[in-house]
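Keep the structure in view as you read.

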Amino acid sequence: MGSGLVDRAKAAAIEQIAAGLDAFVAAGGAEPDGHRDAITMVRELERVGRRLAAQQVAAVEAIDRQGLHRHDAHASAKVMDRHVARVSDGEAGRRYSARRVRRELPAVWARFVAGDISRCHLDRVARAMANPRVRTRLVGNDEA
């Protein structure tokens, strides 16, 4: 596959993720072996998906914080993400909005990274964070 990442450890880790997904598909993929297997599979695939989504948001946040989008004349980290990842403007916007949760709500972010809260929940919190009247109260109640 060849990720093109400069950091070899990160490149190898992404290769392992891809290889793990390939192994899952080769083992029958999302075809459960009964009711209990279906429940476990849905739960675990969701948790892994949430953890991966957290890394996508973290990448956008880092790109924004470091100004790396400017190198190729992208107007923002959101625009760079939309263009490079080939995602919709809505998806790029959700990732960009979620970066504020990562910065200002460490407890909520930790729960998302662990896969304990859904992307929908994170998006709702991020939307609330966009409201200046609500933001202070959210930050003050991060643990709750």
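G115 follows helix α5 and has a positive phi, near 85 degrees. The model is a predicted one. Helix α5 itself covers residues 106-113, and its A107, V108, W109 and F112 are buried. What do the buried residues of α5 pack against? Their partners are α2, α4 and α6.

Helix α4 also meets helix α3. Two packed helices are described by the angle between their axes and the distance between them. For α3 and α4, the axes come within 9 Å and cross at roughly 135 degrees. The table shows which residues make the contact.

| Helix | Span | Residues in the contact |
|---|---|---|
| α3 | residues 77-85 | A77, K78, D81, R82 and A85 |
| α4 | residues 89-104 | D89, A92, G93, R95 and Y96 |

By class, this contact of α3 with α4 has five charged residues, four nonpolar ones and one polar one.

Now move on to helix α7. This helix spans residues 132-140, and G140 lies in it. Is G140 buried or exposed? Its relative accessibility is 63%. Exposed means over 50%, so G140 counts as exposed. The C-alpha atoms of G140 and L68 are separated by 31 Å. Along the chain, G140 and L68 are 72 residues apart.

Notes:
Residues numbered from 1 in each chain as written. Predicted model: local features only at pLDDT ≥ 70, side-chain atom pairs only at ≥ 80, totals over all residues. Heavy atoms only, no water. Helix = DSSP H or I, 4+ residues; strand = E, 2+ residues; numbered from the N terminus. Buried < 20%, exposed > 50% of the residue type's maximum accessible area, 1.4 Å probe, protein only. Axes fitted to C-alpha atoms, helices over the stretch in contact; angles between N-to-C directions. Contact = heavy atoms within 4.5 Å. Nonpolar A, V, L, I, M, F, W, Y, C, P; charged D, E, K, R; others polar.
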